[in-house]
Amino acid sequence: MANIHPTAIVDPQAQLAESVSVGPYSIIGPHVVIGEGSSVGAHCVIEGHTTIGRDNRIYQFASLGGDPQDKKYAGEPTRLVIGDRNTIREFTTFNTGTVQDKGITQIGDDNWIMAYVHVAHDCVIGNHNVIANSVQFAGHVTVGNYTLIGGISGVHQFVRIGDFAMVGFQTRLSQDLPPFIQASGNPAEAQNVHQEGPRRRGYVPERLSILKQMYRTLYRKGLTLEAAKAEIATLRGQHAEADADIDMMLAFLADATRGIVR
């Protein structure tokens with residue numbers, strides 16, 4: 001049986017695994033599912049059609065599964081889905097999706113999400129991301145894997161952030177940020193290739209060199225986007241593992257309907 005503090009209010013229809021703990025004065029609604037080993041701190045509210053996986057740590061005063069902040073929302077049973085092993089710090093707010101999109105706001109696995117972060121309706125956050133204090137994601141934002149998002153940054157609706165990208169402190173991001181690129185400023189501008197994250201994931205110097213070449217092609221040669229994509233494609237074959245990075249970059253750029261950070 002879950003370890004529920006006597007002051008917490010847990011709806012009888014909620015589905016909590018036996019090893020879940022719920023702190024004082026927290027409220028958990030009828031459509032909530034929480035997996036093994038997850039803990040909910042004091043004064044949290046988890047509502048809506050929310051599914052939370054295994055071994056998540058949710059700190060005090062988090063608000064998860066609330067209605068989307070969208071005037072078109074009419075009470076539809078949209079969802080929030082959170083994966084496994086996430087750290088979700090104080091005063092975070094994650095909203096459910098809307099029927100104008102897929103109806104799901106989704107957080108992946110192994111994310112470190114700091115205090116006051118807002119994840120709006122229909123966002124998709126991947127795995128192994130570090131999202132610093134007070135980052136604000138508008139609706140329909142997509143974040144890849146292994147990104148670093150600096151504190152007090154704002155991300156415009158429908159923007160995409162690629163794998164291993166890095167967003168600097170207090171950045172306003174209103175266009176797509178390609179994989180491996182480091183950007184900062186208000187508005188955001190590309191600053192460099194983000195090497196430290198890939199290096200920590202085992203990228204060898206030869207593979208990192210390909211990332212640098214893609215960055216220079218996109219941002220330092222004065223090429224049009226179409227010309228830059230064509231030149232990046234010619235980098236294939238220099239290093240076997242780097243071909244996957246090139247393919248990732250080209251796939252991202254092919255779908256950059258909002259344009260990319262310049």
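Ala, Val, Leu, Ile, Met, Phe, Trp, Tyr, Cys and Pro are counted as nonpolar, Asp, Glu, Lys and Arg as charged, and the others, Gly among them, as polar. The model is predicted, so that local features need pLDDT of at least 70 and side-chain atom pairs count only at pLDDT 80 or more, while totals for chains, interfaces and linings use all residues. Residues are numbered from 1 along each chain as its sequence is written, and side-chain values use heavy atoms, with hydrogens and water left out.

A pocket is an open set of points on a 1 Å grid over the protein atoms alone, where a 1.4 Å probe fits, with protein on both sides within 12 Å along at least five of seven lines; lining residues have an atom within 4 Å of a point. Helix H1 (residues 196-200) supplies the largest share, three residues; helices (H or I, at least four residues) and strands (E, at least two) are DSSP runs numbered from the N terminus.

The second largest pocket holds about 160 Å³. Two nonpolar, three polar and three charged residues line the second largest pocket, among them Asp101, Ile104 and His140.

S1 pairs with strand S4 (residues 21-22) in the parallel sense over two bridges.

Note on methods: Points joined across faces, edges and corners; volume = space filled by probe spheres on them. Pairing = 2+ DSSP bridges.
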